[in-house]
Amino acid sequence: MKLTLRIWRQASPEAKGKMQSYVLDDVEPDMSFLEMLDVLNEKLVIDGKDPVSFDHDCREGICGSCGMVINGNAHGPQQYTTTCQLHMRHFDDGDTIDIEPWRARAFPVVKDLVVDRSAFDEIIKSGGYISVNTGSAPEAHAIPVDKVSADDAFDAATCIGCGACVAACPNGSSMLFTAAKVTHLGLLPQGQPERQTRAINMLAKQDELDFGGCTNVGACHEVCPKGIPLASIAQLNHDVLGATLTGARSD
Amino acid sequence: MVITPQRNIVSRTWGTSVGKKTVIATTGAVFLLYVIAHMLGNLKVFFGIESFDAYAQHLREIGEAIFGYEGVLWILRVVLLASLVLHMWAAFSLWYKAKRARPVGYQHRQRWEGSYAARTMRWGGVIIFLFLVWHILDLTTGTVNPLGGDESAYMKLVASFDRWYVALFYVLAVVALGFHIRHGLWSAIQTFGANSALKQNALKTFAFVVAAAITIGFAIVPLSVMFGLVR
């Protein structure tokens with residue numbers, strides 16, 4: 001396959017970036033998207049040019065490191081798929097592919113396609129946990145969890161924190177990410193003591209970090225590689241509303 | 001890490017994006033109930049001038065013994081105006097926040113941008129507001145009505161919609177209102193936390209049906225005047 005790539009190149013956080021075109025002649029349909037970029041980078045290195053920086057780690061769709069907007073689509077055209085698990089067979093010979101980093105004030109570009117997603121860590125630190133004394137694992141049957149809650153909590157827990165929801169949201173909101181964590185912990189018995197304060201604290205942090213507000217457009221769910229349901233956001237809203245009305249506080 | 005929450009319920013609500021959305025949803029519910037009653041009232045135009053004008057008069061006399069002439073109407077107007085201010089204030093504040101959240105846009109247009117209704121909530125709302133101003137000047141105060149303010153409500157309505165461009169403007173405005181309700185109603189239910197993965201499609205269908213019924217219920221009046229069914 002012969003492809004024309006238009007890739008966002010930006011040397012540093014302060015530098016002014018631009019789209020740069022590259023032509024690749026020998027792309028195999030069985031390559032993953034990141035392998036294709038590896039091939040491009042090898043060529044660039046041989047030519048003595050600066051290779052394209054992009055984040056990646058596990059390359060098996062579970063770490064959430066990789067992520068780029070491909071032709072206006074976070075993680076590319078295939079649903080429920082991270083960029084590393086996307087294969088070149090989804091593109092045609094002669095295609096032009098636009099590759100851009102996530103765009104959000106809270107995710108500043110570090111270099112080329114690499115963005116700083118520590119804002120997600122800040123949101124997790126503000127309540128995405130349960131406070132228990134660690135030790136040996138408790139007996140599994142000591143705390144019963146009904147099947148539906150266990151399944152829904154697990155679905156929410158599959159969030160890998162890749163940031164595609166923010167990238168796709170017309171409001172630059174991280175609601176789906178925050179909602180996934182609030183849903184995951186809020187549905188389980190272990191998460192109950194901090195349920196309300198978790199919701200308001202995580203939301204307050206998200207607002208503070210300059211993420212936008214949710215307008216229930218649903219773009220986040222469409223691009224989410226894990227298919228986190230849009231209704232998770234209703235769970236977050238529900239807990240926030242309850243906490244707001246009752247004045248829940250954590251100190 | 002502990003963030004000290006705001007203690008006062010007003011600042012607790014207004015201080016978060018979800019709180020502001022709750023304000024938009026609540027005031028939106030006030031508008032929705034009002035708009036449904038308004039639409040049902042409008043349909044009295046099909047029962048003739050006496051029925052319609054008697055209804056308009058009755059609105060001024062409801063609860064007169066307690067609230068005085070036009071008392072209930074003025075209470076309603078104040079509630080609606082307060083709701084409008086809150087609705088728009090919260091929406092503009094979130095609009096600004098969303099603009100701030102993405103200082104650098106994408107080169108390639110985003111492929112999935114949501115439904116037309118969801119994408120046009122903000123500008124659609126602005127258009128509905130501009131229509132509202134015209135609508136009050138036309139049919140409430142009569143300032144821009146060919147007959148002026150003191151005529152019978154029925155006559156003012158017919159005189160106004162006899163101008164095809166006014167009727168068309170009205171129809172376009174209620175279509176915009178329909179789109180606003182279609183996304184707004186389901187979105188409000190989601191904001192109140194009543195959505196679930198199983199209910200989502202049903203809620204969206206419900207919002208669509210309500211929006212379609214309201215749009216048709218409103219649009220049928222100017223269309224009937226335009227085509228001479230109501231004289």
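Predicted model: local features only at pLDDT ≥ 70, side-chain atom pairs only at ≥ 80, totals over all residues.
Residues are numbered from 1 along each chain as its sequence is written, and chains are lettered from A and ligands numbered from 1 in the order in which they are written.

**Stop 1: chains A and B.** Select both chains. Their contact takes 49 residues from chain A and 46 residues from chain B; two residues are in contact if their C-beta atoms, placed from the backbone, lie within 7 Å. On the chain B side, α2(B) gives the most, with six residues. Helices here are DSSP runs (H or I, at least four residues; strands are E, at least two), numbered from the N terminus.

**Stop 2: α2(B) and α10(B).** Now select α2(B) with residues 200-226 of chain B, which form helix α10; the two axes come within 9 Å and cross at roughly 35°. Axes are lines fitted to C-alpha atoms, for helices over the stretch in contact, and angles run from 0 to 180 degrees between N-to-C directions. Show the side chains too: α2(B) brings Val35(B), Ile36(B), Met39(B) and Asn42(B), and α10(B) brings Ile214(B), Gly217(B), Phe218(B) and Val221(B).

**Stop 3: Asn216(A).** Move to the loop between α6 (195-208) and α7 (219-223) of chain A, where you will find Asn216(A). Its phi is near 55°, a positive value in a residue other than glycine. Is Asn216(A) buried or exposed? Asn216(A) is buried, with 23 other C-beta atoms within 10 Å (buried means 20 or more, exposed 12 or fewer, partly exposed in between, with C-beta atoms placed from the backbone).
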